[in-house]
Amino acid sequence: MQTIVSKRPGKLYVAGEYAIVHSFQGALLVAVDAYVTVELNPLDQAESRLSTNQAQETYTWHVDEAGEISGIPSHFLLVKTLIQTAYQYLRQSGQAEAPFQAIDIKITSDLDSPEGKKYGLGSSAAVSIAILEAILKLYQVDQGHSKKSFAYLLYQLGAIAQIKMDLKGSFGDLAAAAFGGCIYYQNFDHTWLRETLKHERLTLVDLSQMHWDGLLIEPLTLAKDWKLHVAWTETPSSTEAMLANGSSKKTTDQDYSLSERHFRYASQQCVILIRQAIIDQDWFVFNKALTYNSNLLYNYTKHRQKPYLTSALKNAVDLARQAGASSKVSGAGGGDCALAFSPDLRTSQRIEKAWRQAGIHQLDLAPCPSFIQ
């Protein structure tokens with residue numbers, strides 16, 4: 001059998017950060033043309049192999065009759081959980097039975113700098129979807145699905161695997177990696193999924209066929225003239241840490257609860273406006289709503305004492321806006337990237353020149369194509 005190659009993209013949040021970690025909230029993301037690549041080859045031997053450009057060693061592992069994996073070290077727990085989840089789905093769907101064929105998995109990533117620093121483009125999500133896609137394609141699962149339904153399945157299995165690991169976040173990065181392009185993402189009820197996973201009678205096939213309350217992944221098309229620009233601070237930020245960090249003020253406090261509800265409502269209204277502006281290709285509304293969302297996030301994080309707008313991010317955003325672009329921090333802040341959109345070539349050239357003169361590290365990124373269109 002020929003080598004199976006899965007390339008899945010990193011992502012940038014355009015709007016809706018922080019609020020999106022809550023059920024039924026919306027956000028806008030764009031998948032970018034920097035990828036995690038998984039190469040999978042079947043092996044005629046008893047043991048499987050795992051290698052990555054993030055480690056010099058090649059790891060040997062095997063899976064037992066129950067689908068449990070041994071030999072993959074603890075710092076690759078995500079990879080191990082993803083492989084086990086894929087095998088569990090294959091076994092429960094009747095598309096494969098243990099013992100599974102030995103495989104060689106090679107993982108390479110463009111989502112880190114040559115020095116190994118993360119750009120903040122969601123490498124864990126890209127790895128998750130790429131591994132799941134490669135294994136499911138080995139057993140030709142994709143041939144029984146449309147492109148859209150297969151993307152949903154990859155997203156669902158990725159979310160299940162990460163919830164098994166008790167990872168936080170919205171899983172919007174998984175949706176971007178599974179669907180590609182620009183998407184509107186609405187978060188589902190995580191509490192429901194965590195509780196449902198405890199029911200031993202329900203299979204992963206059952207879960208993938210259930211209605212996930214709140215979940216919506218809608219592909220959007222950015223205007224052809226709107227160009228994406230990305231400034232990297234060269235300082236990493238952890239979404240998990242940022243969500244956990246902040247004020248010790250309790251959510252039971254009435255003022256805090258009111259401001260939290262206001263923030264989520266305002267964030268959703270911003271996201272809805274930006275979504276419609278993308279559909280209508282309305283630059284004026286897009287720019288105004290994106291700027292409002294940026295200010296909303298700044299005030300929200302400042303009130304909760306979260307390190308959001310660093311001097312490097314502020315400089316990148318200010319320079320982009322002075323050049324005539326729409327700009328904001330992408331993601332949780334405190335590091336990683338700022339993004340900007342320019343409406344025309346002249347503005348695009350001004351941004352790139354301003355950032356270059358200021359010594360800002362620009363990432364050569366563009367939206368990646370949609371996987372379902």
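At what angle do helix 1 and helix 3 pack, and how far apart are their axes? Before you select them, note that this is a predicted model, where local features need pLDDT of at least 70, side-chain atom pairs count only at pLDDT 80 or more, and totals for chains, interfaces and linings use all residues. Residues are numbered from 1 along each chain as its sequence is written, and side-chain values use heavy atoms, with hydrogens and water left out.

**Stop 1: a helix pair.** Select residues 77-92 (helix 1) and 147-164 (helix 3): they pack at about 125 degrees, with axes 9 Å apart. Helices here are DSSP runs of H or I, at least four residues, numbered from the N terminus. The axes are lines fitted to C-alpha atoms over the stretch in contact, and angles run from 0 to 180 degrees between N-to-C directions. That makes helix 1 oblique to helix 3, oblique being what remains once angles under 35 degrees (roughly parallel), over 145 (roughly antiparallel) and 65 to 115 (roughly perpendicular) are set aside. Now show side chains: from helix 1, residues including Leu78, Leu82 and Tyr89 meet a helix 3 set that includes Leu153, Leu157 and Ala161.

**Stop 2: the cores.** Pick Ile83, Tyr155, Tyr185 and Phe188, which touch the most other members of the 103-residue largest nonpolar core. Such a core is a set of buried Ala, Val, Leu, Ile, Met, Phe, Trp, Tyr and Cys residues joined through side-chain atoms within 4.5 Å. Buried means under 20% relative accessible area, exposed over 50%, and partly exposed in between, using a 1.4 Å probe and protein chains only. Then jump to a second, separate core of 24 residues, with Phe263, Leu313, Ala338 and Ala340 among them. Back at Phe188, leave out neighbours within four places in sequence, and its contacts (heavy atoms within 4.5 Å) include Tyr155, Phe171 and Trp212.

**Stop 3: salt bridges.** There are 13 to find, each a side-chain nitrogen of Lys or Arg within 4 Å of a carboxyl oxygen of Asp or Glu. Select Arg304 and Glu260, paired at 3.5 Å, N to O. Arg304 sits in the loop between helix 9 (283-303) and helix 10 (311-322) and Glu260 in helix 8 (residues 254-280), so the pair ties together parts 44 residues apart in sequence. Arg304 is buried at 4%, and Glu260 is buried at 7%. Finish on Arg8, Glu133 and Lys137, linked in a salt-bridge network.

Terms used. Helix = DSSP H or I, 4+ residues; strand = E, 2+ residues; numbered from the N terminus.
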